[in-house]
Amino acid sequence: MCRLFGLHAGARPVRATFWLLDAPDSLSVQSRREPDGAGIGTYDAEGEARVAKQPLAAWEDHAFAREARDLKSTTFLAHVRYASTGALTMVNTHPFEQDNRLFAHNGVLHGLDELDRRLTSLGVAGLVLGQSDSERFFALITAETRLAGGDVGAGIVQAVHWIAQELPVFSLNFILSTATDMWALRYPATHPLYMLKRNPATAPDRGAPLDARSKRISSRSTDLARAPHVLFATEPMDNSPGWHPLASGELVHVGADLTVTSTVPFDVDPVRLLTLADLEPTAAASQTP
């Protein structure tokens with residue numbers, strides 16, 4: 001399935017080196033499981049969003065390392081895609097950028113025609129450049145955030161409540177970032193999403209650089225060796241005992257000072273909760289852990 005990774009370093013930009021990795025499998029396995037896109041979203045010194053991404057077709061023969069970039073930002077958002085909706089093109093590759101916000105999603109939602117009508121009624125259909133359900137989901141959050149006067153948390157809650165009531169849903173897990181704030185949602189319990197609050201000053205390995213790794217995303221930063229930070233990931237990426245899964249329906253906000261606020265605005269499952277058996281074969285394969 002897709003991999004999400006978010007890092008909030010506080011108010012001071014830090015340097016981190018990211019590698020987005022292909023699955024280290026044989027070509028026969030890659031033909032079924034190789035990621036379909038890879039991307040990293042950051043912010044420059046002026047607070048403007050920057051995205052480096054490229055689609056990655058499953059039939060291509062690639063080396064393990066997809067990209068390695070030395071980046072500096074207050075927040076980082078990385079995603080490796082296993083496509084469920086939309087062609088393997090740049091416009092369908094995460095992260096997406098709208099209103100200088102970045103967004104990456106792991107999941108599936110159906111009823112895209114109905115969602116398109118909703119986006120048209122809210123005047124944001126033009127934000128959707130590709131075919132993915134994820135970009136449409138983000139556009140709805142953007143529309144509701146505009147209606148809420150720029151309150152991202154309120155926009156997220158309104159958008160997710162509408163989807164949960166009106167559309168068939170498999171998973172809506174996402175990370176959304178600005179230059180100063182980050183939000184992460186796990187909803188419903190279909191896929192896990194983990195959080196780690198890391199304070200090197202009080203950790204047993206204080207002074208050790210951030211060295212977070214999974215099969216497809218890895219991040220290393222010496223700048224974070226003595227600075228607190230918050231991580232989100234689809235799976236724990238090191239041996240720290242501090243990793244814990246978000247609850248189903250839990251929305252976490254991390255502010256510029258790394259204050260973490262957690263709420264559970266979605267305490268019941270979507271009205272039309274999908275299972276793997278309800279998905280087309282390609283989408284089901286993309287959502288299998």
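**Note on the predicted model**

1. The second largest cavity is lined by R3, L4, F5, S214, I217, A233, T234, E235 and M237. Its volume is about 30 Å³. Strand β1 supplies the largest share of this lining, three residues. By class, the lining has five nonpolar, two polar and two charged residues. A cavity here is a set of points, on a 1 Å grid over the protein atoms alone, where a 1.4 Å probe fits but cannot get out; lining residues have an atom within 4 Å of a point. Volume is the space filled by probe spheres set on the points, which are joined across faces, edges and corners. The structure holds two cavities of 30 Å³ or more.

2. This is a predicted model, in which local features need pLDDT of at least 70 and side-chain atom pairs count only at pLDDT 80 or more, while totals for chains, interfaces and linings use all residues. Residues are numbered from 1 along each chain as its sequence is written, and side-chain values use heavy atoms, with hydrogens and water left out.

3. The protein chain has five helices and 19 strands. These are DSSP runs: helices are H or I, at least four residues, and strands are E, at least two, numbered from the N terminus. Of its 289 residues, 54% count as buried. Buried means under 20% relative accessible area, with a 1.4 Å probe and protein chains only.

4. H8 sits in strand β1 (residues 3-8). Why does H8 count as buried? Because its relative accessible area is 0%. Its side chain reaches the backbone nitrogen of G10 at 3.0 Å. A polar atom of the H8 side chain also lies 3.3 Å from the backbone oxygen of G255. Leaving out residues up to four places away in sequence, H8 touches residues including T74, D181, H229 and A256. Contact means heavy atoms within 4.5 Å.

5. The largest nonpolar core has 31 residues, and F137 and I163 have the most contacts inside it. Elements giving two or more residues to this core are α2 (112-121), α3 (133-147), α4 (152-166), β10 (173-177) and β11 (182-186). Helix α4 gives the most, with seven residues. A nonpolar core is a set of buried Ala, Val, Leu, Ile, Met, Phe, Trp, Tyr and Cys residues joined through side-chain atoms within 4.5 Å.

6. Beyond its neighbours within four places in sequence, F137 is in contact with F103, H105, L109, L115, V160, I163, L172 and F174.

Terms used. Buried < 20%, exposed > 50% of the residue type's maximum accessible area, 1.4 Å probe, protein only. Polar contact = N/O pair within 3.5 Å; in protein donor to acceptor, adjacent residues only side chain to side chain. 1 Å grid on protein atoms, 1.4 Å probe; cavity = no way out; pocket = protein on both sides within 12 Å on 5 of 7 lines; lining within 4 Å. Nonpolar A, V, L, I, M, F, W, Y, C, P; charged D, E, K, R; others polar.
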